[in-house]
Amino acid sequence: MTESTAPQSEHRTVLLRGGDVHSPADPFATAMVVERGHVAWVGSEGAADAFASGVDEVIDLEGALVTPAFTDAHVHTTSTGLALTGLDLSGARTLAEALDLVRTHTAAHPADRVVLGHGWDATRWPEQRPPSRGELDAAVAWRRPVYLPRIDVHSAVVTTALLDLVPGVTALAGYHPDAPLTDAAHHAVRSAAHGAVSPRQRADAQRAALDHAASLGIGTVHECGGPDISDEEDFTGLLKLAAGRPGPRVFGYWAEQVGDEKDARRIRELGAIGAAGDLFVDGSLGSHTACLHEPYADGPAGHTGTAHLDAAQIAAHVTACTEAGLQAGFHAIGDAAVSAVVAGVRAASETLGPARIRAVLHRVEHAEMLTPETIAAFAELGLTASVQPAFDAAWGGEDGMYAQRLGAERARTLNPYAGLLRAGVPLAFGSGSPVTPLDPWGTVRAAAFHRSPEHRISVRAGFTAHTRGGWRAVGRDDAGTLVPGAPADYAVWRTEELVVQAPDDRVARWSTDPRSGTPGLPDLTPGGELPVCLRTVIFGQTVYVRPNG
C-alpha cells in the first residue's frame, strides 16, 4: 500500500483507491473519500478520478480490503494490558509447565510488589487440576504475593503471602484452604492484588491494550468495569487516557446496582454510559459458579453454581435505570441466571411498560445457556445479547470443557447464535479479553464455524455483529458501516480473494452471484490465514500502521 507524503492533519481529505471497500452503499466499491473525520463518498475507480486533484492525500490500496473498524463489545482493558505485559499462562500445556513459567517470571521480576498472571486452564492439562497453594508457594523463590486467575477470571489460585494481605479472607464465601478461591474471597484477593499495581503500571497496561486493539483493526472497545472487577480509579483513569488519544474509542460500563436517580447520576459522573457489563447474576462454567437449573455433571452432588442476584433485585435495577434513561445490563451465563434476568426485566416491563424498557437497549453479557423461551423473551424485551464466540471455539465440542461441566447434550445447546438472529435479537460480538484474546476475524470465524453446526451464522452476519452491532448496543445507528456521513472508523487489510460464506450453501451460491449485490468478505474457513491489519483509522486519524506492511 502506497501513499502520498502529505503531513498529518486532523481535518485532511483523503482518497483511498485501488482496493475493495466493504460498503452497503456500493457493493462493488473500490474507492472511498474521507473528509473531516467522516466518510464523504464511496464508489468506483473511474469516479474516483474526479476527486484525485482536490484531496490532501491519495492512498493506493494496491488491492487491499477496507472495512469498518471492529468494535469489541466486552473488554477488561487494564487486565488485558497486564496479561500482554505480564505472566501469560495460556500456553502452558501441563501443570508442571505452568509452575515453571511462574518460577521463571517471578525470578525475572524481583521488583514487582505482586506477581500477576493470567490464563491457566486445568481442563487442558493432563493433570486435570490447578496448582495447589503449596506448589505455588514452592515455585516462588521467597515469600511473594502471587495472583493467578483462571482463564475465565472467576476463580484464582494465590500464594500464602497474598492471603496474608487480606485480613479475614478465610471467613469469606468462596474461600477454600487448598483450592481456587471463588466468590467474595476471590474478589477480596483480586482487589488486594490490583491495588498493588502502581498508577504508572496501570496506565502502561491500558496503553498496551489499546495499542494492541488498534493493531488488530479494532476501533472501539466497551470497557466492562465495576467494583467486583477493578476500582473507580482504574475505570476513570482509562476513560481519561482514552479521551486524550485519537483511538481506539472506549465506551465504559460500570457494573453497580442502581436503586434511584442519585445512584444513576453517580454512574454517569464516573463517565459510564450504563450500569451494565459484568453486574454478576452468576459466575462461569469453568469455575463451576455459573448458576444452573440442573446440577453440574462433574461437580459435587447437587451443585448448581452461585446466584449473586435474584429476579427481584434485577427488576429493581432495570426499573431504576430505565426511569433514569440509563442502560442496564447483567453478566449471566447459566440457564438459571438467564431465567432470572428474563424474569426481572419482564417484571420491570410490567411496571413501566414494554416500550420504555425496549427504548433503553438493556443488554446481557455472555448469555450462553439459552432456551427457545428465553431467546423469545430477549426479542420481546429488546435485550441485546453481548456474546463471545471464541468461548465456543475454546470450550465447545464433544470433548470440550462445556461437555465436561454439563454433559454433551446440554453443552450442544450453548451459544445459539443462529437462533438469536432468527428471533431478531440484536447481537454484539466481543472477546471478553483477557478471557479470550482480542481477535476480531477469529471471533467471526468462531461464529460462522460454531462447533455445533445448528448454531452457525453467516460470515456477513458475524461481521455485522462485530462492527455495527457494537455501535447499536450503545444506541448509535450511524456508525460501524462505511456509508456517506458515517464516522471514518475503518481498517485496511491484506487478504486473499473475497467470498460470501453462509451455513446454507444455497444462500452462499446466490450471494456470490453479482446480481445479489452482496459485498464479499475474506474466506474464514478454519485452517486458512486470517486477514492482516495494515492500517487502522479512527474518525479520520490514523492510529496504527503495520511496520513494513
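In this predicted model, the buried residues of helix 6, which covers residues 183-195, are Asp183, Ala185, His186, Ala188, Val189, Arg190, Ala193 and His194. These buried residues of helix 6 pack against helix 2 (77-85), strand 10, strand 11, strand 12 (156-158), helix 5 (160-163) and helix 7 (199-215).

Between strand 9 and strand 10 the chain passes through helix 3 (residues 95-108), making a β-α-β crossover that is right-handed. Strand 10 also runs parallel to strand 11 (residues 146-149), to which 2 bridges join it, and here leucine 116 stands opposite tyrosine 147 of strand 11.

Turning to the aromatic side chains, a search of the whole structure finds 12 aromatic pairs, and two of them are set out below.

| Pair | Centre to centre | Angle between planes | Class |
|---|---|---|---|
| Phenylalanine 391 and tryptophan 395 | 5.3 Å | 55° | tilted |
| Tryptophan 441 and phenylalanine 463 | 5.6 Å | 15° | stacked |

Phenylalanine 391 and tryptophan 395 both belong to helix 14 (residues 390-395), and because they are 4 residues apart there, about one helical turn separates them. An α-helix has 3.6 residues a turn, so residues three or four places apart point the same way. Both phenylalanine 391 and tryptophan 395 are buried.

How far apart in sequence are the parts that tryptophan 441 and phenylalanine 463 tie together? Tryptophan 441 lies in helix 18 (residues 440-448) and phenylalanine 463 in helix 19 (residues 459-466), so this pair ties together parts that are 22 residues apart in sequence. The planes of the two rings are at 15°, which is under 30 degrees, and therefore the pair counts as stacked. Tryptophan 441 and phenylalanine 463 are both buried, and they belong, together with Phe70 and Trp493, to one aromatic cluster.

Technical notes
Residues are numbered from 1 along each chain as its sequence is written. This is a predicted model: local features need pLDDT of at least 70, side-chain atom pairs count only at pLDDT 80 or more; totals for chains, interfaces and linings use all residues. Side-chain values use heavy atoms; hydrogens and water are left out. Rings of Phe, Tyr and Trp (its six-membered ring) pair if their centres lie within 6.5 Å; planes under 30 degrees apart count as stacked, over 60 as edge-to-face and the rest as tilted. Buried means under 20% relative accessible area, exposed over 50%, partly exposed in between (1.4 Å probe, protein chains only). A crossover is right-handed if, with the strands pointing away from the viewer, the path from the first strand over the helix to the second runs clockwise. Two strands pair if DSSP finds at least two bridges between them. The expected span of a helix is 1.5 Å times one less than its number of residues. Contact means heavy atoms within 4.5 Å.
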